[in-house]
Each structure stands twice: as structure tokens, then as C-alpha cells.
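Visitor: I would like to learn how to read a structure like this one. Please take me through its features one at a time.

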Amino acid sequence: MLAVLVQKIDAMLYRRGFALGDARRLMRNQMLLGTLGSVAAVLVTGFSTWGFSFAAGALLISINFWWLSKAAQELVRVRQGAMFTLLMLFYGRLLLTGAAIALLIVWFGASAFGLLAGLSTVVVNATLWGILQIRHKVPNVGNGKEA
Amino acid sequence: MRKALLMTLAMVLVASSAFASDAAAPAVAAVGPTAAWATAIGMALAAGLCGLGQGMGLKAACEGTARNPEAGGKLTVTLILGLAFIESLAIYALVVNLILLFVKPLGA
């Protein structure tokens, strides 16, 4: 079930321009973490404002991460004007994210701490990814009797 | 020179908040403008420094890819992770500033 879902997400990401395998897996993990975390938060907190704020934060940061990883894959190959494009994209994203968060807090009365928790899913995803990469790179230490 | 500039900036910021909390009754009213200044300066610093960090990260990734194109894939993933971390810092600063402005944990 999960394997089929992962395959479908991977295929969709590949079609959308995530040609790099590791970038695709990172984005897929973010999507799964955001979705599962949001469902868990909404159910555990009994459909409270906190849960919906978490879901909104996770959705916002996942869209942000999608945009960022697609741009980063293109920008590494660009030889001229990459820095300016990156900065413009960064400030554009920050502006849109800021407007969305302000709307959520001021108009919809979202919980700021729920939003913060939802926005942290990308940090959790990146940290988990880093830890797993380090674990994969640790060589197996023998007992000295191999030779 | 840079130290003196930073010290002056810190003293100005501390002095303004101290003046703002001088009298008891006006202090509550003065939290608004002080919070507005604090959020403006905080967001400017966060956005500027995070932009600088992202630019430096991209510069290093571009140089690395140009030197060793075969390592481009690994560099890109590392770049994405770095950019995500930096961007989340900027967004955290943004949320904290919005809390200061709209949720008003300091009153007023």
C-alpha cells in the first residue's frame, strides 16, 4: 500500500521536473511527513484550531520547499545570473509566505504555535535526512580478526 | 570600526526600550511602537542575513559543480538542504515578528 503510494508520488514528481533522485526522495518525504503529521495533529487535537494551524503551516512550508528544490536544481546549472535569480526567488517566497501567515494569524485566528510546529516539518525532514545519510556513511568496524 | 558600530547599534536599541518603559502608564501604550520597530529591525536583519547565507551557499555549490560536474547531484541535494534550513530560519523570524505584532504577548 505504502510502496504503491511512494511509487505514484515518485512518478508524479519525476513528471513535474524532479529528475534528481535524492531531491525527489527529499520532496516525497516532505509530502508524506506533512500529510501524515497534519492528519495526526488534526485527529489527536480533536479538530481544534491548533491542529488546523499545524496543517496550514505544513502545507505552506511544503509548497515553499517544492518551489525551492525545483529552483535549486535549475540554478546549479545556470552559469550567469544565478545569484540574482536566487535572491529574487527567496524574497518573493518570503513575501508570499509572510502574507499567507499574516492572513492566517490575523484573519483566520490561527494558532501561532501550531503554525510554527507545522512550519518545522521541513526542518524535521531535513534533519532526519541528514541523520540517515550519516548513518549510511558510517563504515562497519570489524573486530580486527578479518585479516 | 565594526565593533564600535555594533556597540552603538546595541546601545541605541537598549536605550530606546529603556526609555519606552520609563513611566508606568505610558509604558503599556509605548509597547506598540517599540514592538513595531523591533519587528521591522528584526525582519530586516533576518531577511538580509538569510539572503546573504543563501547566496553564499549557492556560490559554493556553483563553484563545486563547475570544478567537479560529476558531484553535481550530491551538491544539489546538499544545497537544497542548506537553503531549506536557511529559509526556515527566515520564516521563523517572520512568525515571531508576526506574533509580536498581532498576538502581542507583551501587551498593548
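Visitor: What share of the 108 residues of chain B count as buried?

Guide: First, the rule. A residue is buried if 20 or more other C-beta atoms lie within 10 Å of its own, exposed if 12 or fewer, and partly exposed in between, with C-beta atoms placed from the backbone. In chain B, 25% of the 108 residues count as buried. In chain A, buried residues make up 33% of 147. Keep in mind that this is a predicted model, where local features need pLDDT of at least 70, side-chain atom pairs count only at pLDDT 80 or more, and totals for chains, interfaces and linings use all residues. Residues are numbered from 1 along each chain as its sequence is written, while chains are lettered from A and ligands numbered from 1 in the order in which they are written.

Visitor: How many helices and strands does chain B have?

Guide: Helices (H or I, at least four residues) and strands (E, at least two) are DSSP runs, numbered from the N terminus. Chain B has three helices and zero strands. Chain A has six helices and zero strands. From the N terminus on, the elements of chain A run α-α-α-α-α-α.

Visitor: Why is chain A more spread out than a compact globule?

Guide: Compare two numbers. The radius of gyration is taken over C-alpha atoms, and the globule rule is 2.2 Å times the number of residues to the power 0.38. For the 147 residues of chain A, the rule gives 15 Å. The radius of gyration of chain A is 19 Å, well over that value, so chain A is more spread out than a compact globule. Along its principal axes, the C-alpha trace of chain A spans about 70 × 45 × 30 Å.

Visitor: How do I check the span of a helix such as H3(B)?

Guide: The expected span is 1.5 Å times one less than the number of residues. Helix H3 of chain B (residues 72-103) has 32 residues, and 46 Å is expected. From first C-alpha to last, H3(B) reaches 44 Å, close to that. After H3(B) comes Lys104(B), with a positive phi near 55 degrees. Now try chain A. The 27 residues of H3(A) should span 39 Å, and the end C-alpha atoms are 38 Å apart, which agrees. The 25 residues of H4(A) should span 36 Å, and here the ends are 35 Å apart, which agrees too.

Visitor: Which residues of H4(A) are buried?

Guide: An α-helix has 3.6 residues a turn, so residues three or four places apart point the same way. In H4(A), the buried residues are Leu86(A), Phe90(A), Leu94(A), Thr97(A), Ile101(A), Leu104(A) and Ile105(A). Ala102(A) also sits in helix H4 of chain A. Ala102(A) has 16 other C-beta atoms within 10 Å, so this residue is partly exposed. H3(A) is mostly covered, with 19 of its 27 residues buried.

Visitor: Is Gln30(A) buried or exposed?

Guide: Count its neighbours. Gln30(A) has 24 C-beta neighbours inside 10 Å, so Gln30(A) counts as buried. Gln30(A) is found in helix H2 of chain A. Two residues are in contact if their C-beta atoms, placed from the backbone, lie within 7 Å. Leaving aside neighbours within four places in sequence, Gln30(A) is in contact with Ser62(A), Phe65(A), Val122(A) and Asn125(A).

Visitor: And where is Phe47(A)?

Guide: Phe47(A) lies in the loop between H2 and H3 of chain A. Phe47(A) counts as exposed because it has 9 C-beta neighbours inside 10 Å. Phe47(A) is not a glycine, yet its phi is positive, about 55 degrees.

Visitor: At what angle do H2(A) and H3(B) pack?

Guide: Axes are lines fitted to C-alpha atoms, for helices over the stretch in contact, and angles run from 0 to 180 degrees between N-to-C directions. H2(A) and H3(B) pack at about 30 degrees, with their axes 8 Å apart. Angles under 35 degrees count as roughly parallel, over 145 as roughly antiparallel, 65 to 115 as roughly perpendicular and the rest as oblique. H2(A) and H3(B) are therefore roughly parallel to each other. The contact is made by Asp22(A), Ala23(A) and Leu26(A) of H2(A) and by Gly73(B), Thr76(B), Val77(B) and Ile80(B) of H3(B).

Visitor: How many residues of chain A are in contact with chain B?

Guide: 34 residues of chain A are in contact with 30 residues of chain B. H4(A) gives the largest share of the chain A side, 13 residues.
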